[in-house]
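Trainee: I have not looked at this one before. Can you walk me through it?
Mentor: Here it is.

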Amino acid sequence: AILGLDSITSDISLKTIGNHTLQAGWQWQELTAQVYLNMKLEPSTKEDAMLQGFTSTGIQEQVVLEVGLNQIEILASALLLLEEELLGQLELGSLLQSSQGLMDCLLGV
């Protein structure tokens, strides 16, 4: 489980940092990751074993590992390259009227 996603302290900022590069940033006050583990120790037939014999049902333990981080800032940048000549030749009408329908795809229909 990830806790603290609601502790975001800034709006998602999207800015241009180069001619073809966009950058998005997020900041959280605190994030915590929890991992739940169930461990089972079963009896052994070996003489030096901690649990011996078939009459023992074994030992079960539940463990929670928790890691927390404070004041987290994540920046992600994306380089967008477009060939302007091909972009100018793109016919949007044919995309909207195609058999697979761009609008159907975007709307999840």
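Trainee: What pattern does the protein chain follow, read along the sequence?
Mentor: The pattern is β-β-β-β-α-α-α. In total the chain has three helices and four strands. Helices (H or I, at least four residues) and strands (E, at least two) are DSSP runs, numbered from the N terminus.

Trainee: Where do the coordinates and numbers come from?
Mentor: This is a predicted model, in which local features need pLDDT of at least 70 and side-chain atom pairs count only at pLDDT 80 or more, while totals for chains, interfaces and linings use all residues. Residues are numbered from 1 along each chain as its sequence is written, and side-chain values use heavy atoms, with hydrogens and water left out.

Trainee: How are β2 and β3 paired?
Mentor: Strand β2 (residues 13-16) and strand β3 (residues 21-41) pair in the antiparallel sense, over four bridges. Two strands count as paired if DSSP finds at least two bridges between them. β2 and β3 form a hairpin, with four residues between them.

Trainee: Which residue in β3 is the bridge partner of K15?
Mentor: That is Q23.

Trainee: Is Q23 buried or exposed?
Mentor: Q23 counts as buried because its relative accessibility is 16%. Buried means under 20% relative accessible area, exposed over 50%, and partly exposed in between (1.4 Å probe, protein chains only).

Trainee: What is Q23 in contact with?
Mentor: Leaving aside neighbours within four places in sequence, Q23 is in contact with S13, L14, K15, I17, L75, A76 and S77. Contact means heavy atoms within 4.5 Å. The side chains of Q23 and S77 are also joined by a polar contact of 3.2 Å. A polar contact is a pair of N or O atoms within 3.5 Å; within protein, one must be able to donate a hydrogen and the other to accept it, and residues adjacent in sequence count only if both atoms are side-chain atoms.

Trainee: And Q34, which strand is that in?
Mentor: Q34 is in β3. Q34 is buried, since its relative accessible area is 14%. Its side chain makes a polar contact of 2.7 Å with the side chain of E66. Beyond neighbours within four places in sequence, Q34 is in contact with A1, L3, L65 and E66.

Trainee: Change of topic. Which residues make the nonpolar surface patch?
Mentor: V35, L37, M39 and L65 make a patch of about 340 Å². β3 gives the most to this patch, with three residues. Patches are made of residues with over 30% relative accessible area and no salt bridge; like charges are joined within 9 Å, nonpolar side chains (Val, Leu, Ile, Met, Phe, Trp, Tyr) within 5 Å. A salt bridge is a side-chain nitrogen of Lys or Arg within 4 Å of a carboxyl oxygen of Asp or Glu. Accessible areas come from the Shrake-Rupley method with a 1.4 Å probe, and for residues only the protein chains shown count as cover.

Trainee: Why does V35 count as partly exposed?
Mentor: Because its relative accessibility is 42%. V35 is found in β3.

Trainee: How much of the protein chain is buried?
Mentor: Buried residues make up 11% of the 109 residues.

Trainee: Where is G58?
Mentor: G58 is in the loop between β3 and β4 (59-79). The C-alpha atoms of G58 and E42 are separated by 4.5 Å, and the two residues are 16 apart along the chain.
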